[in-house]
Amino acid sequence: MQLETNLLGAAATLTLNCADNVLIARRALLHGTDLGSGLVTVNAVPAGHKVARRLIQKGEPVLRYGQVIGFATSDIQPGSHVHLQNMAMGEFEKDYAFSSAVTPTQYVDTPATFMGIRRPDGRAATRNYVGILSTVNCSSHVAELVADVFRKNPFKGDDPLSAYPNVDGVVALTHKSGCGMTSGEPLRLLRRTMGGYARHVNFSHVVVLGLGCEVNQVGGLLEEQGLAGRVRSMDIQTMGGARRTVEAAVSFVREVLEESNRVTREPIPASELVVGLQCGGSDGLSGVTANPALGAASDILVRHGGTVILSETPETFGAEHLLTRRAVSREVGERLLKHMAWWESYFQREGAVMNDNRSPGNMAGGISTIVEKSLGAMAKAGTTNLVEVVGYAEPVRGPGFVFMDTPGYDPVSATGQVAGGANLICFTTGRGSVFGCKPSPTIKLASNTPMYTRMQDDMDVNCGEVITGAESVEECGQRIFDLMLDVASGTPSKSESFDFGANEFAPWVLGATV
């Protein structure tokens, strides 16, 4: 996909690719708006939505980004609003052309640096938390009680950790699973996710709390994930109940806080950043502004030796053939297609279709099909080679652009990325998500200026400047990259200022509830 990035100017619409038969409305267009060259809107078109550039006959492909995003379900007159009322999904042939677009990465001579925390094992952290993990829903409340003892309140000004300025917090990561589940892949997936968090570089210390009789036994988790000696563990039944467990876990945290606080930040190469790429609450401008701008930042990071993780496999449907072209080998490309095939079978088994993976907000924002959403979403990964494809919550090695198989649901997807090693998350949104993802900081990128203005307390970057003509996609990407370094160095993101990130921990739940 080739996106024309010169979007500067004051025209009412923009063309993303010369082959497109639709235009994108920069702003809300009234009926009768003159779009130039004799084209006039025949009905109202919301900002970010599509306008027919010419007559599109029934059954003809609708083209955006130079790619098929659906098919006309009726004749669409020039100047008409193109959306759910006159277009839909359809089958079309894809040329996977494995590795045909692979090009050498042009690395910079001197990588940028950020002020990070160097752990004793040599890894680079962007934050410094103490973690409380629960093996099962039954120990979740106890984990939260422990974290509550040390919780900062940004509204009241309370800070129980004021004596430990280098500790970013004590966070409880709880979930609704761990028992009433089958063994095999569902249990392995949960344990792999928890193991990734227990080993995460942004935790200085971790305590794992169980109930005692759950399927996800503490001992089994520690053995399977090689965590023995790395974490403290307790179970409520052995400890003698909730109160005694809370007291013991609080005592453990108090014991380790002084050690956790003995860290200093030092210059670390940007090559040690692993950035999870996310989008949520997307609109028709996400694929024009925020996602391509994040893609530009991703390319910069990769050229500095860093790693970016694209995920949300169902939101890659229809665009996967563009990623296989960038795969460094046929084997890597075929791994992506294997995951796509699993999802198609999964949707069929559940009586759903891939096109169902659009939220009401997506459609209200102008996204008509999952293919249109996918083409816009994949822009987050920029243009560099696809070096690896990994399963959910599997370790990400890098460097370069890596794809991780995850659901499209943001909390579940980001949880997998962090378990895989992401020490920073960049999240684009058009409707206005307020997501956070402890222990990794989250940077929020707004696709349009009105939403950014309305939600400035939650948004870190206004990518809507691309539409207004204030900057190019590349300039916005550089601004995002600079902010990556700044946030990785300890500057709080907007979501961190509201203490988002604990409740968003959401391991992928597979299999039956029994």
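Visitor: Which residues in H2 meet Ala 414, Thr 415, Val 418 and Ala 419 in H11?
Guide: This is a predicted model. The contact of H2 with H11 divides into four nonpolar, three polar and no charged residues. On the H2 side, the residues are Thr 193, Gly 196 and Tyr 197.

Visitor: Is H2 parallel or oblique to H11?
Guide: The axes lie 8 Å apart, and the helices pack at an angle of about 55°. Angles under 35 degrees count as roughly parallel, and 65 to 115 as roughly perpendicular. The crossing is left-handed. The angle of about 55° therefore makes H2 oblique to H11.

Visitor: How many of the residues of H11 are buried?
Guide: Helix H11 spans residues 410-419 and is mostly covered. What covers its buried residues includes helix H2 (185-198) and strands S17 (274-279), S18 (307-310), S20 (400-404) and S21 (424-429). Among the buried residues are Asp 410 and Gln 417.

Visitor: Which residue takes a positive phi just after H11?
Guide: The phi in question is about 120°. The residue is Gly 421.

Visitor: How many disulfides does a search of the whole structure find?
Guide: A disulfide needs two cysteine sulfur atoms within 2.5 Å. For Cys 179, the nearest cysteine sulfur, that of Cys 138, is 6.1 Å away. For Cys 437, the nearest is that of Cys 426, 12 Å away. The search finds zero.

Visitor: Is Cys 437 buried or exposed?
Guide: Buried means under 20% relative accessible area. Cys 179, at 36%, counts as partly exposed. Cys 437 has 3%, so Cys 437 is buried.

Key: Residues numbered from 1 in each chain as written. Predicted model: local features only at pLDDT ≥ 70, side-chain atom pairs only at ≥ 80, totals over all residues. Heavy atoms only, no water. Buried < 20%, exposed > 50% of the residue type's maximum accessible area, 1.4 Å probe, protein only. Helix = DSSP H or I, 4+ residues; strand = E, 2+ residues; numbered from the N terminus. Contact = heavy atoms within 4.5 Å. Axes fitted to C-alpha atoms, helices over the stretch in contact; angles between N-to-C directions. Parallel < 35°, antiparallel > 145°, perpendicular 65-115°, else oblique. Left-handed = near helix turned anticlockwise from the far one by under 90°. Nonpolar A, V, L, I, M, F, W, Y, C, P; charged D, E, K, R; others polar.
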